[in-house]
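Reader: Hello! I am new to this and would like to learn how to read a structure. Could you take me through it step by step?

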Amino acid sequence: MKPYTHFTKTLSFSSKFQRSIFTKSQNDSTLPSDIVNVTDEFISIFTIRPFSPNNPELINLAPKLTNKVVETVLNNFKSWRVAHAFFIWASNQSGYKHNIYTYNAMASILSRARQNAPLKVLAQDVVNSRCFMSPGALGFLIRCLGSLGLVEEANMLFDQVKMMGLCVPNSYSYNCLLEAISKSGSTDLVEMRLKEMHDHGWGYDKYTLTPVLQVYCNSGEFEKALSTFNEIYNQGWVDEHVFYILVMSFTKWGEVEKACELIERMEDCNVRLNEKTFCMLIHGFVKESRIDKALQLFDKMKKSGFAPDVSIYDVMIGGLCKTREREKALQLYLEMKESGKKPDVGVLSKLLSSCCDEGELTHLLKESWDEMDAQTVTVLCNSVMSVLVNNGSVDKAYNLLQAMIRGETIPNVGVEMLFNFKGKVFPNTSSFSIVIDNLLQDGKLDLALSLFRDMIQIGCKQNVLLYNNLIYSLCNSNRLEESYELLKEMEQSGFEPTHFTHNSIFGCLCMRQDVLGALNLVRKMRAHGHEPWTKHSTLLIKSLCKNGKVVDACKFLSDMVQEGFLPDTISYSAAMNGLLNNQEVDLALELFHNICASGYCPDVVAYNIMIKGLCKAQRIAESEQLLNEMIMKGLIPSCGRPKAALVHFRTMKQEGMKPDIFVYVALLSAFLSDLNPLLAFEILKEMVDEGNFPDPVDKNYVVVRDVISKLSEDTQTALHETLSVWIDVPGFKKHIFSVWIDVPGLKKHILLVSE
DNA sequence: GTAGGGTTAG
């Protein structure tokens, strides 16, 4: 293949695309010897520095410039800068004019070097110099532009050369253009060019429809993507790349089932999955917690002759550790080692973090002890501390950290071998975070604070999260002054407080009913663009009202409006309720009407509050009027219809949404008070199965705990044990609850165990 | 890596 003709050859697209435009020309052994001499001289002059246009040798050589010489010389430079300098120099020589092959040679070099600016200029030069080109050469240049994302330039070039009669684009040129546009995600433009192509009488082929599929996938136009795929499929044009595009999109959209169906279809038409597709799918499935599917694919991948690399092992092992399938994770770990792949620190720390006991920890550490550097040991120490902390041994983790700080050995942790490592193991920020965060959760605030001070001592970098967590805990302990000090220190150290930092303090001020302090902070928050959380404002209003300070509560609400933070219906409801409880019925009504006039739509709860208050004040007529108003507005008296809620809940899950703990707890309590323990149990089981369980500090924890004990006492859910399912709920440390349930056809026994 | 707030019995 001659270097100056290879552009006209039809290039194959898709996976071969990168290779084909970036492949360097063949060597010049096929060129006549005089040309070889000239090119060699140019190359040596331009690579010898400093380059000077006045170089007499160069001036002598200039008349020998031809397009063939320039193209060959360009493809022999190692640096795009030198190539560009030569290209520009050549452009300025009298008697010489670039042709499309020299332009394209330069374009290819610039595109490979990702040099957008000079490539843009080059594309414009091609047009300005009225350079003729074949449809293939146009396609080549378009693809260079497309690979740098210069879609607008590609479109402009295409139209200009067509209009000026420099080229009559054919279907290949159109395919190149479609490929370039598809990267931008502009479906409109793709559809427009497709129509244009059709109007010119050009037919479609695989390389036309592949970018069309790509653009629909990129822009999430599911239906259109599918119909394009079907067209490709029906024409028998499906290849690995087409499947790759669609499978990747399904995976990205979380449609793992559809991706699986597609794989089966793919196998039916004898198209193999390529390595890239395998890797991507495995990542996608693990991300969606579909370890079963990921494992299947992993096996298939190996059977297809692809050797998984460390990153695939890493993601598989990580996924298995997450779903607590330690046996399988360890199996893969061994397989990995046997196949000669060295488990890296990522794999090791995932395995370590999922260890259940310290014996296992030590075993794993011993196995992988050789050739570890200091940083690796620190990361592993951190994993060990995570295990200790998750097992409830914060004290041991604390001791380990202290030993790291002092460079000592501590025999009682069971991981003393860590300290037989070549000397000191330095703790990093994450070492401190693991221990400090857990001390805070355990209420050991002062110990956490002293560790935080140690961090400064040994010069370990602090971070926003640590500051936030400490400030949050101080605020929760009503240690407001210290939290202000920490905030000051945080700002002085160059850390920008987040809305969480400010809201922690705002919460504390609200808890203290410090209205002035709260308003002052709100002003500061406004300057930072931080929104105060309504739960705090509402709490303040409630407590003020409870103490008879209804006027202050209303003043606070209007001050918040002044500061630009409009309270929501919930805060207003709290205030109305407070006014009513303090016999300020008229003020409550006034507030109610005011907020309606300001465009708020009071909800059922707000109406309930007012209706109840008016009834209590013997103002029955007004109360009935409000009730009618409420029904007129279509508001149904309250959300005791858990079965209707369950329908929404099911839809929600089908749509792929993950209900959070509040939704579960709402359903649980509703079914229980609706005397439907069977459904309550079903929801409980689902909740636990999905790893959703409230933290002991969460107020939902108490609700769930009560639900469980009620279920265990209920006669409908009495003991009929045929099948035992053990669910170990993390955080369920101090209580033992047993639940037995007899669901027709599904007999289960759940035992929530303590540690 | 931070929403979860307001009513309702006795």
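Author: Gladly! Let us begin with a term: contact means that heavy atoms lie within 4.5 Å. Please keep in mind that this is a predicted model.

Reader: Thanks. Let me try it on a helix: which elements do the buried residues of α4 pack against?

Author: They pack against α2 (33-47), α5 (80-91) and α6 (100-112).

Reader: And which residues of α4 are buried?

Author: The general idea is that an α-helix has 3.6 residues a turn, so residues three or four places apart point the same way. Now to the case here. In α4, the buried residues are V69, V70, E71, T72, V73 and L74. That is 6 of the 8 residues in the helix, which spans 67-74 and is mostly covered.

Reader: How many helices and strands does chain A have?

Author: Chain A has 39 helices and 3 strands. Of its 755 residues, 48% count as buried. The accessible surface of chain A is about 37400 Å², with 53% of that belonging to carbon and sulfur atoms.

Reader: Let me pick a single residue. Why does Q402 count as buried?

Author: The general idea is a cut-off: buried means under 20% relative accessible area. Q402 has 10% relative accessibility, so Q402 counts as buried. You will find Q402 in helix α23, which covers residues 394-406. If we set aside neighbours within four places in sequence, Q402 is in contact with L451 and D454.

Reader: Now the DNA. Which residues come nearest to DNA strand B?

Author: There are 23 residues around DNA strand B, and T534, K535, K542, D603 and K612 come nearest. Among the atoms of DNA strand B that come within 4 Å of the protein, sugar and phosphate account for 34%.

Reader: Which part of DNA strand B does the side chain of D603 approach?

Author: An N or O atom in the side chain of D603 is 2.4 Å from a base nitrogen of DNA strand B.

Reader: Which helix gives the most to the surface near DNA strand B?

Author: That is α34, with 5 residues. Helices α26 (464-476), α30 (534-546), α32 (569-581) and α34 (604-616) each supply at least two residues of this surface. By type, the residues of the surface near DNA strand B divide into 7 nonpolar, 8 polar and 8 charged.

Notes: Residues numbered from 1 in each chain as written. Chains lettered and ligands numbered in written order. Predicted model: local features only at pLDDT ≥ 70, side-chain atom pairs only at ≥ 80, totals over all residues. Heavy atoms only, no water. Buried < 20%, exposed > 50% of the residue type's maximum accessible area, 1.4 Å probe, protein only. Helix = DSSP H or I, 4+ residues; strand = E, 2+ residues; numbered from the N terminus. Areas by Shrake-Rupley, 256 points an atom, 1.4 Å probe, with all protein chains shown as cover. Near = heavy atom within 4 Å. Polar contact = N/O pair within 3.5 Å; in protein donor to acceptor, adjacent residues only side chain to side chain. Nonpolar A, V, L, I, M, F, W, Y, C, P; charged D, E, K, R; others polar.
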